[in-house]
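Below is a walk through one protein model and its ligand. Keep the sequence and the 3D view at hand while reading.

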Amino acid sequence: MKKVHFVVNPKAGKGKSKISEEYLLRFFNKYNYKIVVKYSNYKGHAKFLAKESVVEKADIIVACGGDGTINEVASAIVNSHIILGIVPIGSGNGLASNLNIPNDTNKAIALIKKNKTSRIDIGKVNDSYFFSNMGIGFDAAVINSYHLGNRHQLLGYLKSTVKTFFNFKPLQDITLELAGKTKNINPFLFFISNSNMLGYNVSLTRKASLQDGLLDIVLIEHANKLKILWFAFLLFIGQSQIIKGLTYKQVKTLKLHCKNGSYKWLIQQDGEPLVVEKNEIDVEVLPNALEVLV
Ligand SMILES: Nc1ncnc2c1ncn2[C@@H]1O[C@H](COP(=O)(O)OP(=O)(O)OP(=O)(O)O)[C@@H](O)[C@H]1O
């Protein structure tokens with residue numbers, strides 16, 4: 001008997017998920033599967049529920065939501081033998097797109113039954129994980145504004161991008177340690193990605209692979225308003241890599257250090273805002289650290 005636990009974020013995407021125990025029992029017969037469905041009620045709850053499922057010895061834990069929900073569930077099962085399933089019902093669904101997991105819920109559930117798995121790399125930032133991407137520049141400011149606002153999904157992202165465009169100030173006095181070299185940076189964008197998809201079919205890191213043991217970084221410095229607009233246009237047409245002054249690298253580790261003593265970093269991790277009150281940010285890739293149903 002296989003124990004499959006579903007952790008559902010009822011607010012993900014348009015908040016109209018049809019996933020319930022009754023619905024799932026149409027796909028999984030009760031002789032071969034023990035199905036458990038849990039719903040998250042607040043930020044951080046999906047991680048708590050998934051940790052509970054680890055203790056309950058689930059074989060598979062399925063994250064039903066967007067990248068934020070996947071982050072919470074997958075963070076709970078790193079270092080266990082439990083397999084991650086994904087039913088993408090979020091708005092952007094970046095990681096699921098990279099893994100070719102269909103947005104159609106019935107088809108995504110059919111994949112879970114097929115039992116084909118793949119091991120993927122994950123990213124570690126200080127003591128937490130990211131599975132799709134993280135950033136400390138403009139993207140983090142957009143995500144923060146998006147989460148403060150009440151309008152979600154694509155329109156919410158567009159509104160937050162416009163707002164951030166007018167308010168954003170590039171980060172100052174930051175040192176980047178990369179491949180044995182140290183460099184002072186003032187990033188407009190410092191984006192680190194494990195996956196090749198940001199969401200909504202938009203990508204900043206088309207060369208990224210979930211299985212290459214590397215993180216792809218995109219650094220853009222010294223951007224004035226005109227350059228930001230040009231960048232937004234290029235991103236929209238899928239040509240962001242041609243912007244002048246863009247640095248693209250593939251790395252295993254990197255370190256960011258703030259010269260001003262204590263510092264509050266506003267970062268985004270899989271589309272969720274986070275304030276890190278530490279002088280240093282250590283990022284590394286953990287190759288093949290997670291088994292996912294694909
Ligand atoms: N019951 C709940 N009420 C409000 N927020 C919740 C609830 N359960 C989880 N959350 C939070 O919802 C947020 C959004 O989750 P998620 O990223 O999965 O969906 P999304 O934003 O629609 O999709 P994507 O990240 O792919 O754009 C996360 O911050 C999560 O912690």
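Start at the ligand: 23 residues surround it, and the closest are Gly65, Gly66, Gly68, Gly90 and Gly92. Here a residue is near a molecule or strand if its C-beta atom, placed from the backbone, lies within 6 Å of it. The model is predicted, and local features need pLDDT of at least 70, side-chain atom pairs count only at pLDDT 80 or more, while totals for chains, interfaces and linings use all residues. Residues are numbered from 1 along each chain as its sequence is written.

Two helices each supply at least two residues of this shell, helix H2 (45-55) and helix H3 (67-77). H3 gives the largest share, 3 residues. Helices (H or I, at least four residues) and strands (E, at least two) are DSSP runs, numbered from the N terminus. Sorted by class, the shell around the ligand holds 15 polar, 4 nonpolar and 4 charged residues. In this sorting Ala, Val, Leu, Ile, Met, Phe, Trp, Tyr, Cys and Pro count as nonpolar, Asp, Glu, Lys and Arg as charged, and the others, Gly among them, as polar.

The domain bounds come from an automatic or database domain assignment. The C-alpha centres of domain 1 and domain 2 are 27 Å apart. The contact between them takes 14 residues from domain 1 and 17 residues from domain 2, where two residues are in contact if their C-beta atoms, placed from the backbone, lie within 7 Å. On the side of domain 1 that touches domain 2, H3 and helix H4 (94-98) each supply at least two residues. The largest share of that side, 5 residues, comes from H3, the helix that also gives the largest share of the shell around the ligand. The residues of this side of domain 1 divide into 9 polar, 3 nonpolar and 2 charged.

Over residues 1-129 the chain is 32% helix and 29% strand, with the end C-alpha atoms 31 Å apart.

Next comes an open sheet of 6 strands, in the order E12-E11-E10-E7-E14-E15 and with antiparallel pairing. Two strands pair if DSSP finds at least two bridges between them. Strand E12 (246-251) and strand E15 (272-277) stand at the edges with a single partner strand each, so one side of each has no neighbour in the sheet. From one strand to the next, the twist averages 20 degrees. Helix H6 (residues 138-148) packs on the sheet, where H6 touches strand E7 (133-135), E10, strand E14 (264-269) and E15, and the direction of H6 makes about 80 degrees with that of E14. Axes are lines fitted to C-alpha atoms, for helices over the stretch in contact, and angles run from 0 to 180 degrees between N-to-C directions.

Within this sheet, strand E10 (residues 187-193) and strand E11 (residues 215-221) run antiparallel and are joined by 6 bridges. Leucine 189 has isoleucine 220 in E11 as its bridge partner. E14 and E15 also pair in the antiparallel sense, over 6 bridges, and the bridge partner of leucine 266 in E15 is valine 275. The hairpin of E14 and E15 has 2 residues between the strands, and aspartate 270 takes a positive phi near 50 degrees there.
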